[in-house]
Amino acid sequence: MMILRPIQESDYPALLNIAHESGHGFTSLPINEELLQNKIARSEASFEKQTDVPSDEGYLFVLEDSETGEVVGTSAIEAAVGLDDAFYHYHLSKVIHSSRTLDVYKAVDILTLCNDYTGATELCTLFLKGDYRKGLNGKLLSKSRFMFIKQHQQRFADTVIAEMRGVSDDSGQSPFWQWLEEHFFSMDFPTADYLTGIGQKVFIAELMPKYPIYVNLLSKAAQEVIGQVHDNTRPAIELLKSEGFTFNGYVDIFDAGPTVEAKVDNIRTVRGSQQKVVKVGNNAGGFPVMIANDKLAGYRATVADLHFDSSSNEIIIGADVANALNIVDGDSVSIATL
């Protein structure tokens with residue numbers, strides 16, 4: 001059984017291993033011992049914190065194989081981005097160059113540096129080990145965050161975003177960054193990406209072009225990757241699109257990967273999840289259902305084959321599922337179909 005739970009201090013070696021395996025472009029998990037340990041400590045403090053407004057909390061989850069005890073994936077939620085450090089994007093839009101006298105009309109794409117998503121809740125740090133990219137593991141790792149957000153909605157913003165990893169090669173070179181590097185910077189993409197991951201973002205404000213960039217002035221290779229995702233990220237963006245997330249022209253300032261967004265109440269899993277009262281017993285067969293307890297620091301989620309009646313406020317679950325979720329008769333759970 002796969003179980004999603006909050007990260008804990010003892011998970012550090014597993015998180016470091018995931019940071020190595022995730023490779024270039026995975027900004028939220030830099031290979032830095034102190035910063036990774038700080039991420040774990042910050043997450044533990046966030047789960048323990050009593051608050052009813054989104055602030056600087058960061059909730060980091062891990063996916064554990066209950067049979068082996070191995071941590072095989074991670075995902076996270078940032079309650080509100082950009083409140084302490086500026087949160088940058090490029091916004092892709094158009095300007096019109098026209099002249100009635102010359103009978104010329106031309107629409108031109110431009111990229112404008114902005115901080116439009118300041119205060120939004122961010123889905124981030126999604127990574128699943130290769131051997132486990134099968135079945136419903138990816139859906140559990142990603143979608144269970146929506147159930148957590150619904151259960152504790154006062155802790156999150158009305159707008160939820162996700163930055164998707166952009167195009168880069170095996171050595172970490174990004175076509176979009178190569179153009180920026182040539183004209184404005186003197187560092188390669190992995191270095192810039194790493195500095196952002198460890199929180200050293202001042203160079204962005206100091207060196208990024210202050211005026212809109214005309215897309216047609218970029219190299220052809222850079223133009224082609226604007227709004228495109230890394231091959232490993234395609235399943236993740238398709239899953240988010242199925243949840244109602246849309247691309248509205250915002251891209252990452254380093255690799256030009258797309259950022260997608262949705263209002264909380266429009267997210268499919270948020271709308272469709274139901275609250276039930278647990279009865280432990282025999283519930284064989286059925287179909288796959290994502291089920292989560294309603295705890296905060298003790299949050300647990302898994303997938304189980306269950307029969308249930310949508311019109312009933314009760315659901316019967318097996319003892320193994322109850323043990324995995326740390327719940328007993330009479331406790332409440334959230335369920336969502338997959």
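**Figure 1. Contact between helices α1 and α2.** In this predicted model, Tyr12, Leu15, Leu16 and Ala19 of α1 meet Glu33, Leu36, Gln37 and Ile40 of α2, where contact means heavy atoms within 4.5 Å and helices are DSSP runs (H or I, at least four residues) numbered from the N terminus. By class, this contact of α1 with α2 holds six nonpolar, one polar and one charged residues; Ala, Val, Leu, Ile, Met, Phe, Trp, Tyr, Cys and Pro count as nonpolar, Asp, Glu, Lys and Arg as charged, and the others, Gly among them, as polar. Helix α1 spans residues 12–22 and helix α2 residues 33–48, and the two pack at an angle of about 120 degrees with their axes 10 Å apart; axes are lines fitted to C-alpha atoms, for helices over the stretch in contact, and angles run from 0 to 180 degrees between N-to-C directions. That angle makes α1 oblique to α2, given that angles under 35 degrees count as roughly parallel, over 145 as roughly antiparallel, 65 to 115 as roughly perpendicular and the rest as oblique. The crossing of α1 past α2 is right-handed, a term used if the near helix is turned clockwise from the far one by less than a right angle.

**Figure 2. Packing of helix α3 with helix α8.** Helix α3 (residues 137–151) and helix α8 (residues 234–242) pack at an angle of about 40 degrees, and their axes are 11 Å apart. The two helices are therefore oblique to each other, and the crossing of α3 and α8 is right-handed. On α3 the contact is made by Gly138, Lys139, Ser142, Lys143 and Phe146, and on α8 by Leu239, Leu240 and Ser242. The residues of this contact divide into three nonpolar, three polar and two charged.

Figure 3. The domain assignment, which is automatic or from a database, gives domain 1 as 2–90 + 114–269 and domain 2 as 273–337. The C-alpha centres of the two domains lie 29 Å apart, and their contact takes 21 residues from domain 1 and 20 residues from domain 2. Between them the domains bury about 1,700 Å², 63% of it on carbon and sulfur atoms; buried area is the accessible area (1.4 Å probe) that two parts lose on being put together, summed over both. In domain 1, Ile3, Met147 and Gln151 lose the most area to domain 2, together 30% of what that side buries.

**Notes.** Residues are numbered from 1 along each chain as its sequence is written, and side-chain values use heavy atoms, with hydrogens and water left out. Because the model is predicted, local features need pLDDT of at least 70 and side-chain atom pairs count only at pLDDT 80 or more, whereas totals for chains, interfaces and linings use all residues.
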